[in-house]
Structures are given as C-alpha cells and as structure tokens.
Amino acid sequence: MKLQLSLLQDMVTRPKYAFTQIASQNLSSWPAFILIILTMQLFYALYFNQVDMPWLVDYTVNTSLGQATPAEKQQLSQRLTEETIRLSASIGSVLMLVFYGLITSVYLNVITKLDEQNTDGFKDWFGFYWWVQIPAVFQLLLSSIVVLVTDSSQTPLMDLQITSINQILGLTPEDKFYSFAASFDLFSLWSIVLLFYGLSVRTQLKTSTITNICIIPFIFMLAFSLVFG
C-alpha cells in the first residue's frame, strides 16, 4: 500500500522514475485500475445525488436529438428513464474506458515493434494503459469537489470539467469540436506526458519517435471530433 501511494506521488513529481519502478518490479496495474473505477463511481454517485434528474432527462434528449421533431424527442424521453441514465453513465463509462484501453493497447503493441528489442505484448500494454490513466483519478476527484460546492442542480456533466479547453473556447453541444474540447483538459495533457515517459522507459526508441507516437492519438481524436462532432 505504501508503495502504491509512493507511485502516485512519483507520477506527479518524477514520472520517469515511477515507470522505472513499475517496470523493474513488474508491478501489477490492478491497483491503478481499481482506483480509477472507484473514483469514477464516487463522482457519479455524488453527481446523481445532487442533479435534478427530470432536468437531466430533458437536457439529454435535447442534446442527443437537437434537430429531431418534437414527436421523436417525446419518444426518446419516454424510454430514457432516470435509472437508464444512471446505468449508462456509471457502467457505460467503465466499458468505454476499457474499450479505449483495448484500442490503445493494440496501437502501442503494433507501433512499439519499431523497437526490435522490445518484447512487450498486448497484455503488457493493456496494464501499462491504466498507469497512464492515473491523472483521471485527480480529474474525477476535482470534479467531485466541484459537485459538492456548486449551488446549481442543473449542471451538465461536461461543465464539471473545469480544466477543459472548452472553458476557454466556450463551444456548445451543437459545435463540431464540442465533445473534444469539453473532454480534453489539463489531466489529458498529463496522461500524454506519462505516456511519453512510460514509453521512454519501456522502449529504446528515439525521443522524436516517442513524441510522434504520443501525438498520433491526439490527432485521431481531433479528426474524429471533426467528422462525427
């Protein structure tokens, strides 16, 4: 337990040393995974305890079917119960995070073959992914604090990410880059930094190559947001 807490501190102050420790001691990624999931569930529990659920149902319908007819919105509203929203957020978010982990692991497993000496496989990179996602713990804790101190019971989930670049851009759900701008924040940048240091420990690739490997997913996210909004 003391080692895990020390690793969290090192992720902030000396990330390369943290990944060296993880690699040299072959530390399991289960503690990172469990910590992320627990803080995620804590956040959703606090949010749904505070939010005006009828308002959230209406908001979700309007943002999901912005150009739909009133009849279509009414139909969705009847199917979209409060319990459905709770389960979609608390369980769906976990499944989505695992899905991103699988995609990232496939990407890293393929791209790190550029280092002929690297023997890490898919399972290794899937475990590595959860250490890289540690900043999500701090982001979720910060959002939880925002939930506790806010006076409004009608706050969209995305607005609780107070360090997102959308706080500067001020985009609305109708704008092309809204989903990207609302979800990409300082903690996302921290994850990219951790990815860089982690790859520098686990591979013998050049700094420029590692930088490109870290930037490619960012470009993909930007392109995806442009195409699918």
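Reader: How are H7 and H11 oriented to each other, and at what angle do they pack?
Author: In this predicted model, H7 and H11 pack with their axes 9 Å apart and at an angle of about 140°. An angle over 145° would count as roughly antiparallel, and H7 and H11 are therefore oblique to each other.

Reader: And which hand does the crossing of H7 and H11 have, left or right?
Author: The crossing of H7 and H11 is right-handed.

Reader: What about H2 against H11, how do their axes cross?
Author: Helix H2, which covers residues 15–24, has an axis that comes within 9 Å of the axis of H11, and the two cross at roughly 50°. H2 and H11 are therefore oblique to each other, and their crossing is right-handed.

Reader: Let's stay on H11 for a moment. How many residues does it have, and how far does it reach?
Author: H11 runs over residues 186–202, which gives 17 residues, and from its first C-alpha to its last it reaches 24 Å, close to the 24 Å expected at 1.5 Å a residue.

Reader: Which of its residues are buried?
Author: The buried residues of H11 are Phe187, Trp190, Ser191, Leu194, Leu195, Gly198 and Leu199. As background to reading such a list, an α-helix has 3.6 residues a turn, so residues three or four places apart point the same way.

Reader: What caps the N-terminal end of H11?
Author: Aspartate 185 does, with a side-chain oxygen that lies 3.1 Å from the backbone nitrogen of phenylalanine 187. That phenylalanine is also one of the buried residues of H11.

Reader: Switching to H3, how does it pack with H8?
Author: H3 and helix H8, the latter made of residues 135–149, pack with their axes 9 Å apart and at an angle of about 15°. That makes H3 roughly parallel to H8, and H3 passes H8 in a left-handed crossing.

Reader: Tryptophan 30 is in H3, I see. Is it buried or exposed?
Author: Tryptophan 30 counts as exposed, at 56% relative accessibility.

Reader: Where does glutamine 50 lie, and how far is it from aspartate 115?
Author: Glutamine 50 also lies in helix H3, and at 21% relative accessibility it counts as partly exposed. Glutamine 50 and aspartate 115 are 65 residues apart in sequence, and their C-alpha atoms are 50 Å apart in space.

Reader: Last topic, confidence. Where is it lowest and where is it highest?
Author: Confidence is lowest in helix H5, residues 70–79, at a mean of 69, and highest in helix H7, residues 122–132, at 97. For the protein, the mean pLDDT is 88, and 91% of its residues reach 70 or more.

Technical notes: Residues are numbered from 1 along each chain as its sequence is written. This is a predicted model: local features need pLDDT of at least 70, side-chain atom pairs count only at pLDDT 80 or more; totals for chains, interfaces and linings use all residues. Side-chain values use heavy atoms; hydrogens and water are left out. pLDDT is the predictor's confidence in each residue, from 0 to 100. Helices (H or I, at least four residues) and strands (E, at least two) are DSSP runs, numbered from the N terminus. The expected span of a helix is 1.5 Å times one less than its number of residues. Buried means under 20% relative accessible area, exposed over 50%, partly exposed in between (1.4 Å probe, protein chains only). A polar contact is a pair of N or O atoms within 3.5 Å; within protein, one must be able to donate a hydrogen and the other to accept it, and residues adjacent in sequence count only if both atoms are side-chain atoms. Axes are lines fitted to C-alpha atoms, for helices over the stretch in contact, and angles run from 0 to 180 degrees between N-to-C directions. Angles under 35 degrees count as roughly parallel, over 145 as roughly antiparallel, 65 to 115 as roughly perpendicular and the rest as oblique. A crossing is left-handed if the near helix is turned anticlockwise from the far one by less than a right angle, and right-handed if clockwise.
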